[in-house]
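Biologist: Hi, could you walk me through this model? I would like to go topic by topic.

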Amino acid sequence: MAPPAPSAYHRLNPLTKAVAATVESLGAFVIGGYLGPLAIIGLAILPAAVLAGVAGRLVRISALLTLPIAISVVLVSVFTRAGATVLFAIGPFDATLEGVDFAGQTLVRLFAISTSIGLFGLTTEPRSFVLDLERRSLSPRFAFVALATLEAVPAMVERSSVIASAQRARGLDTEGSVRARLRGLLPLVGPVILSSLTEVEERSLALEVRAFGRPGRRQLLWRLPDSRLQLIARLLMLAALLAAIAMRVAGTFPRLP
Amino acid sequence: MTQSWVRSIVGIVAFFVVLIVGINLTGSIDFTPDPNTGLIAAGNTLVTVLIVAMLVGLVAYAATEYGQTRRFDSITSQFDTRTIVLIPIAIAINIILGQTVAAVLKVPIYLDSIGTILVGVLAGPIAGALTGALANLIWTYVLPAPFHSDYAAPFFIVAVEIGLVAGIFGRLGFFRSRPNTSIERLAVGGAIVVAIVAIIGIYGFLPFYSGGDITFFAPQAAGAPAPDTLFVILGWVVGVLLVGAVVGLLALLFVRRDLGAAYVFLAGLLCGIVSAVISAPISTVFFGGVTGSGTDLLVATFQKAGSDLGTAVLQQGLLSDPIDKTLTFFVVFAILGALSRRFVARFPQGEKAVGLMEG
Amino acid sequence: MLQLTGVTYRYAGYAKPVLHDVDLRLEDGEIVGLVGPNEAGKSTLCLVASGLAPASIGGDLKGSLTLDGTPAAGLRTHELAARVVVGFQNPNTQRSGIAATVFEEIALGPMNLGLPVAETVARTHEAIARLRLEPLVEHDPQRLSGGQAQLVGIASLLAMRPRHVILDEPTAQLDPAGTRLVGEALRALAEAGTSLLIAEHKTDLLDGLCGRVVVIDGGRIVMDGPTATVFDDPRLHELGVEPPARARLARALVDRGLERSMVTAALAQGLGA
C-alpha cells in the first residue's frame, strides 16, 4: 500500500511515532527551562531524524515555521515584559533580562514542539496512521472523516483553481493589490463552498448504498507491523510524561536551568 | 419538548457545578507566571477543569436522556451518514479559508470556523463540537504540508466550544432568516441589540481594560498621570469599531428588512466573547501568548501597560474574537441562505435551524 | 424478486407526490429498461426501488417495496445495501473519497459489510474482472477519466454481490466500447440470477440488453411489456422518448410499404438479435 519505507524509523508503527511526538512536545514544556527542551531535541528528536534521514529537512522546515512566531516572541517578551534588570532600551521600550530569558525559553519550547511534530509528519503516511487507528478499534466513521478530509482539502484547492481559471476567462481579476485579490476571492469562495456542500447529498446516498451506515467493525485489508518492544516503548514514554506532569503539578519537579 | 429542555439544563448545571468545584479545589485563578518556566500553572488547571466539566456535562445530559427514553437518540441522530460526509467538507472549508484569509489579510480575522459552525447549525451541537475538535486535531496530526499547522491542536477546546454554541443557537432558531419584518419590529430588534452591546461595553469591557495605566474615556482623577497617547488612540479605535459594527448592523437590518441579522449578530458576539475567554489561557500556556500575527503587538502593548501575560492575551482576544466570530456567523448565515431548503431539511437539525418551508 | 406495489411517493417538504400508484416487478435474472421523458420520475423511481426513499432521504411512501419476500419498510440502509444497490449518473459523487487505489475503492463495499478479508478480496477481483478494470487497479480514483470513473463506480456496486441492481444512466460518460463492456457485464450478471433495472436515454443499449421495457410519464407507468413491443409503439415518440435505431428503421421501412414480418426478420439477421 505504501511505497517502501526508507529507514527503520519510518517503519515504526505510526502510533509509536505519534506517541513519541506528543510526549516530546508536552514534555518540552512540562520540563521547561532551557535544558529540558534542548535535551529532548538533542537526545530524542534529532537522533531519530538523523536515523530517518530527514534531519536537514526537519530543521529547515521547523526553523521556517517558527520564524514568524520568533519575531513576535521577541517583541512581546523581550521588550514589554515587566522585569527588574534592564539590558538596553529602544525608545520607550526596555529590554529586560527577564524578558530575554522568557523569550529564549519560549522559543526553545516552540522549536521542540515544531520539530517533534514535524518529525512525525515527515516519517508517517497519514493514511497509514488513520487506518492503523481503525484497526485498534477507532470507529470506521472517525476514520472516514480523517481520510476524507485528507482528500477533501487538496480537492477543494483544485476545485478553486478550476473555478478561478473559469472566472479569469470571464475577466475576473485575481492578481494585483490586496483589495483586488480580496474582491477576486469573494466570487470564488461562494461557488467552491456551495458546490462542495451540494455534493454532500448524493455522496452520502452513494455511501449508504455501499453499506456505510453499518454499525460494528470492519475487517481491514491492511495491517501495519507492530511489536512488543514498541508497545513497551509507548507505555514507558507515556508513563514518563505522566510522572513529569504529576511532579510539576505537585510542585516537586526539580528546578532546571 | 420539555424533556429536551430538562436534559439540556441538567447538562449545563452539571457543567457549571464541576467548573466551580474544580476552580475552588485547585485554588484561585492566578495568572502570574512561574519565574522558572514561564508557565502559568493555573492556565493548565483551568483548561483541565474546563475539559472535565464539559465531559461531565455531556455524560449528565446523556444519562438523563437514557433515563427518559432508554436511548441516546438526540446524540446519535446528529451523526447520520449525511453529517459524516459533511464533516470532512466542513473541515476542509475551515482549513482552506483559514489559511487563505490569514495569508491575504494581515488582520486577526481568521474565518477558520465556518465549517464547524455550519455543522453545528445543521446537525446539532455535539456534531459541531466534534467537527471543531477533529478539525484542529487533523490539522496538526494528520494533514501533511502545505495544509499542516503545528499550532492548531491545543485550540481544539475552543473549536469544541464554537461548535457547541453554534449548534445551540441553531437549534434555537437564531440563524433563521426573517425577511419582510415590519419596521416596528426591526426598530425593537435594533434597540435591543444596541442596548445589549452598550451594557456589555460599559459594564464589562471598559472596567476590564481600564485597570492600571490604561484609561480610555474615564475622567482623570486629580493627580493621576496622563494616559499614554498609545492607549488613548487604542481606546478611540475600539470605540469606533464598536460603534461602526452596531451602525453597520442597523443599516443591514433596515436595508434587508431581515430581523435574522440581529439574532446572528448577538449570537456571534456571545460566541466571540466566550471563545476569547477560553482561548486566552491556551495561547498563554502553550505558546507564550504569541501567534505570529499583528495582534502580538496589542498583547505587547497591554503587557507594557501593566497586565500580566495571561490578562494581556485575554484583553487582545476580547477585541479580535468577537469581530471574527460575528463575521463568521454572518458568512454562515449567507451560506445557509444560498443552500436549497430541500438540501438543508435533510440534515438532523436543518428544519429547526432554517425554519419550516411555507406551503 | 423486487416488487413495487401501488407506490405513491412524495419528497419531504413538497406538497405533491412525484410517483403515482406505481406497480413494478423485477424477476430474478430479468433485465428491465426504464424510459421516459425528462422529469417523468425515473430517478425517483430508482431511489424508491432501492429503498433509499424513504429510508435515507425521508419523504412519504404509500404502497410497498418488497425484496425477495421481505418488506423493505423496516430495513436500515445498510441492510438494504446487502440486497439492492443503486448507481447514479455522476461518477464524481459515486467515489468514496477515501480510497488510495481503484482496488481499495471497489473493495470498500464488501469491507463495509464486515466480510472477512479473503472474501472481500475475492469479490473485488470478481468485479474487476467483470468490467476488465485490471489495468486500472493501482490508479488513484481521483485521477480517472469520466468513463473510467463510471466503470469503477459500477464495479464498486457489483462487488457487493447484490440480488438487485438499479442503474440510473450508467453509460452517460462511456464511449461505445465502454457501453458494450457494461452491457456484457450486466448480461452476465443477469444470467447468474441478479435482477436489473436500468434507466436510460440510450434506447439502443436497452434494445440489445433488456427483455422488458417500462415507460414512465408524469410519475405513472404508462407502458410495460416486451422490449420489441414497447419500442415499436408509436406512442413512444409522442412521449418524447426516442426509440432505438432498429425500431426507427423498421418503422421507416414499413411506412414505405415493406411487409412488417420481413422487415423484422431482415433486421434481426442484419443487426443481430
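Modeller: Happy to; we can start with conventions and then go through the chains.

Biologist: What kind of model is this, and how are things numbered?

Modeller: This is a predicted model, in which local features need pLDDT of at least 70 and side-chain atom pairs count only at pLDDT 80 or more, while totals for chains, interfaces and linings use all residues. Residues are numbered from 1 along each chain as its sequence is written, and chains are lettered from A and ligands numbered from 1 in the order in which they are written.

Biologist: Great. How many helices and strands are there in chain C?

Modeller: Chain C has 13 helices and 10 strands. Those are DSSP runs numbered from the N terminus: H or I of at least four residues for helices, E of at least two for strands.

Biologist: And why does chain C count as compact as a globular protein of that length?

Modeller: Because its radius of gyration is 19 Å, close to the 19 Å that the globule rule gives for 273 residues. The radius is taken over C-alpha atoms, and the rule is 2.2 Å times the number of residues to the power 0.38. Along the principal axes, the C-alpha atoms of chain C fill a box of roughly 60 × 45 × 30 Å.

Biologist: How much of chain C is buried?

Modeller: Buried residues are 48% of the 273 in chain C. Buried means 20 or more other C-beta atoms within 10 Å of the residue's own, exposed means 12 or fewer, and partly exposed is in between, with C-beta atoms placed from the backbone.

Biologist: Which domains does chain C have?

Modeller: The assignment gives domain 1 (1–82 + 166–175 + 196–223) and domain 2 (84–161); such bounds come from an automatic or database domain assignment. Their C-alpha centres lie 23 Å apart.

Biologist: How many residues are in contact between them?

Modeller: 19 residues of domain 1 of chain C are in contact with 13 residues of domain 2 of chain C, where contact means C-beta atoms, placed from the backbone, within 7 Å. On the domain 1 side, α1 (42–49), α3 (77–81) and β7 (164–168) of chain C each give two or more residues. The largest share, three residues, comes from β7(C).

Biologist: What about a residue in β7(C), say Ile166(C): buried or exposed?

Modeller: Ile166(C) is in strand β7 of chain C, and it counts as buried because it has 30 C-beta neighbours inside 10 Å. Leaving out residues up to four places away in sequence, Ile166(C) touches Cys46(C), Ala49(C), Ser50(C), Val84(C), Val86(C) and Leu197(C).

Biologist: Switching topic, what is the order of the open sheet of four strands in chain C?

Modeller: The order is β2-β1-β4-β5 (chain C), with antiparallel pairing; strands pair if DSSP finds at least two bridges between them. β2 (19–26) and β5 (70–71) of chain C are the edge strands, each pairing on one side only. Strand β1 (residues 2–10) of chain C pairs with β2(C) over five bridges, and Leu2(C) has Leu26(C) as its bridge partner in β2(C).

Biologist: Last one: how many residues do chain A and chain B put into their contact?

Modeller: Chain A gives 55 residues and chain B gives 45 residues. On the chain A side, α8(A) gives the most, with 15 residues.

Technical notes. Two residues are in contact if their C-beta atoms, placed from the backbone, lie within 7 Å.
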